[in-house]
Amino acid sequence: MVVKKQSKLVQTQVLKQMLKRCSSSGRGKGPPVDVPKGHFVVYVGTNRSRFIVPISYLDHPQFQGLLRQAEEEFGFHHHMGLTIPCDETVFRSLTSALK
């Protein structure tokens, strides 16, 4: 059990570091002023619709899967913000289930 707990902690730390790398959109200014503390911005779908989501979503395996897809498709070393490569309807459905 300790190994699994450690592994989850390490995985969460890695996800938070990835989020931190791409949250400034390459400008080094931090999150936009309309993003409340404890939240972050993601862009979803082909139209890049903007969503503000709570950081607690980083603990959910389904959301972590979306982040891995984003890393595989786009990487995290770009200046476009964190983009999730899934349909907007699917993203809305997933996030409403996480609430």
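**Strand pairing and salt bridges in a predicted model**

In this predicted model, strands β1 and β2 pair in the antiparallel sense over 6 bridges.

Colleague: Which residue in β2 is the bridge partner of Val-44?

Modeller: Strands β1 and β2 form a hairpin, with 4 residues between them. Within that turn, Gly-45 has a positive phi of about 80 degrees. The bridge partner of Val-44 in β2 is Ser-49.

Colleague: Which residues make up the uncovered face of β2?

Modeller: In a regular strand, side chains alternate between the two faces of the sheet. The covered face of β2 holds Ser-49, Phe-51 and Val-53. The uncovered face holds Arg-50, Ile-52 and Pro-54.

Colleague: Arg-50 and Asp-34 meet in a salt bridge; how many residues apart in sequence are the parts that the pair ties together?

Modeller: The side chains of Arg-50 and Asp-34 come to 2.9 Å, N to O, and a salt bridge requires a distance within 4 Å. Arg-50 belongs to strand β2 (residues 49-54), whereas Asp-34 lies in the loop between α1 (2-23) and β1 (39-44), so the pair ties together parts whose separation in sequence is 16 residues.

Colleague: Is Arg-92 buried, partly exposed or exposed?

Modeller: Arg-92 forms a salt bridge with Glu-88 at 2.8 Å, N to O. The two residues are 4 apart in helix α3 (residues 88-98), which means that about one helical turn separates them. Glu-88 has a relative accessible area of 23% and is partly exposed. The relative accessibility of Arg-92 is 46%, and Arg-92 therefore counts as partly exposed.

Terms used
Residues are numbered from 1 along each chain as its sequence is written. This is a predicted model: local features need pLDDT of at least 70, side-chain atom pairs count only at pLDDT 80 or more; totals for chains, interfaces and linings use all residues. Side-chain values use heavy atoms; hydrogens and water are left out. Buried means under 20% relative accessible area, exposed over 50%, partly exposed in between (1.4 Å probe, protein chains only). Two strands pair if DSSP finds at least two bridges between them.
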